[in-house]
Amino acid sequence: LLTDYLLSCYSVGGAISMLALSGVFTLITKYNLEYPDFYTKLYQLFTVEVFFVKYKARFFHLSDIFLSSTHLPENMVAGFLKRLARISLQAPAETLPMCIKLMHNLMYRHRGLERLIDSSDRMDLRTDPFIEDATDPAASKAVESSLWELKTLTNHILPQVSSLARELLEKGVREKEKELGPSLETTPEELMEVELKKKVFVNVPLNFEAPDGLSLPKQDFLSEVCEFA
């Protein structure tokens, strides 16, 4: 009876499925429940909306555990990796460090997926073979794609995000997994507090040419379209 209830909740979608995640996984791993669609249903929960629900920290913590086995098919894990990279482009800034760390951990467990970082011929939506609407991670063609979204995150306005993305892109997978815990429940206020505590250098140059009264710098676009008395 409990099994039927949990499976029904897991199939509903949204927050209800997230709450049923742990129970279904326990039945599979400890009580030999056969549920072949577990990872397919989990993949379908990886949407932009998941970043705005109350249980997002628990969801990503459990997802990291569910995807921790090195015996999972590489093409299936590639689907999760690519889906996470894609939805991170629309994710709130405070969740991006966690997303990048989880991407790192997935590649750490499946070293063959590191090639997705170096696929220079598939660097935008036009050339990306990834099927975003696929409901099965193994059928999403993620292994034929690349993580161009990670390069996009290197241009993020927050240094904490851009530096993490650049480190993964340039230095590759490190020698051990990254700890997700500190990043799971980061708030915008905490990110702002970190930035406000950073040392700001004085006398930061704002112009490459010293101003001379009210006149504009030479070869300035504004001086070409406006005339000042």
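## Locating Y35

Where does Y35 lie? Y35 sits in the loop between α2 (14–30) and α3 (38–44). Helices here are DSSP runs of H or I with at least four residues, and strands are runs of E with at least two, numbered from the N terminus.

Y35 counts as buried, at 16% relative accessibility. Buried means under 20% relative accessible area, exposed over 50%, and partly exposed in between (1.4 Å probe, protein chains only). Y35 touches L7, Y10, S11, V24, I28 and K41, leaving aside residues up to four places away in sequence. A contact means heavy atoms within 4.5 Å.

## The model

This is a predicted model: local features need pLDDT of at least 70, side-chain atom pairs count only at pLDDT 80 or more, and totals for chains, interfaces and linings use all residues. Residues are numbered from 1 along each chain as its sequence is written, and side-chain values use heavy atoms, without hydrogens and water.

The protein has 11 helices and zero strands. Of its 229 residues, 41% count as buried.

## Salt bridges

The structure holds 10 salt bridges. In each, a side-chain nitrogen of Lys or Arg is within 4 Å of a carboxyl oxygen of Asp or Glu.

D128 pairs with K82, with the closest N and O atoms 2.8 Å apart. D128 is in the loop between α6 (96–109) and α7 (148–153), while K82 is in helix α5 (residues 74–87), 46 residues apart. D128 is buried at 10% relative accessibility, and K82 is buried at 1%.

D128 also forms a salt bridge with R86 (3.0 Å, N to O). R86 lies in helix α5, so this pair ties together parts 42 residues apart in sequence. A network of salt bridges links K82, R86, D128, E132 and E149.
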